[in-house]
Amino acid sequence: YSPPFIFFFSFCFNNFFINAFFCVIFSHFFHRLLVKNSPLMHAFGQHFRFELTIGHNGRVWLKSISTTLTVALANALDASDLMSPRQIDQMVSKLALEVRS
């Protein structure tokens, strides 16, 4: 069970390289991400600087301060689909410790 396609890309805009992640997620999942108190968005926001855009068509754009962090957040986003809020908090806290070390 995973989205139909996921890819990472890099491009140059105004002489700056931008690394980003783009994927398509299922409608039940993007509705969970768009609610006001989304556990995943709250947990991400406590630990990381990132940009996340979610379209109502299921397309997701994710960008952070580094390629490594963007890939780690994309993997966490994918893994969180079937997790409880407690499991999401534990996963993101563990990810934050790993990224800092």
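Reader: At 10% relative accessibility, does Phe48 count as buried or exposed?
Author: The model is predicted, with pLDDT of at least 70 needed for local features and 80 or more for side-chain atom pairs, while totals for chains, interfaces and linings use all residues. Residues are numbered from 1 along each chain as its sequence is written, and side-chain values use heavy atoms, without hydrogens and water. Relative accessible area under 20% is buried, over 50% exposed and in between partly exposed (1.4 Å probe, protein chains only). Phe48 has 10% relative accessibility and therefore counts as buried.

Reader: Which residues does Phe48 touch, not counting those up to four places away in sequence?
Author: Phe48 lies in the loop between α2 and β3 (50-54); helices (H or I, at least four residues) and strands (E, at least two) are DSSP runs numbered from the N terminus. Ala96 is 48 residues from Phe48 in sequence, yet their C-alpha atoms are 7.7 Å apart. With contact meaning heavy atoms within 4.5 Å, Phe48 touches Leu69, Leu73, Val92, Leu95, Ala96 and Val99.

Reader: Are α2 and α4 roughly parallel or roughly antiparallel to each other?
Author: The axes of α2 (residues 39-47) and α4 come within 9 Å and cross at roughly 25°; they are lines fitted to C-alpha atoms over the stretch in contact, with angles from 0 to 180 degrees between N-to-C directions. Angles under 35 degrees count as roughly parallel, over 145 as roughly antiparallel, 65 to 115 as roughly perpendicular and the rest as oblique. The two helices, α2 and α4, are therefore roughly parallel.

Reader: How do the residues of the contact of α2 with α4 divide into nonpolar, polar and charged, and how many are in each class?
Author: On the α2 side, Pro39, Leu40, Ala43, Phe44 and His47 take part, and they meet α4 residues including Ile88, Asp89, Val92, Ser93 and Arg100. The division is nine nonpolar, two polar and two charged.

Reader: Which residues in α4 do Leu69, Ala72, Leu73, Ala76 and Ala79 in α3 meet?
Author: Helix α3 (residues 67-79) and helix α4 (residues 85-100) have axes that come within 11 Å and cross at roughly 165°. This pair is therefore roughly antiparallel. The α3 residues Leu69, Ala72, Leu73, Ala76 and Ala79 meet Met91, Leu95 and Val99.

Reader: What pattern does the protein chain follow along the sequence?
Author: Of the 101 residues in the protein chain, 36% are buried. The chain has four helices and four strands. Read along the sequence, their pattern is β-β-α-α-β-β-α-α.

Definitions and conventions: Ala, Val, Leu, Ile, Met, Phe, Trp, Tyr, Cys and Pro count as nonpolar, Asp, Glu, Lys and Arg as charged, and the others, Gly among them, as polar.
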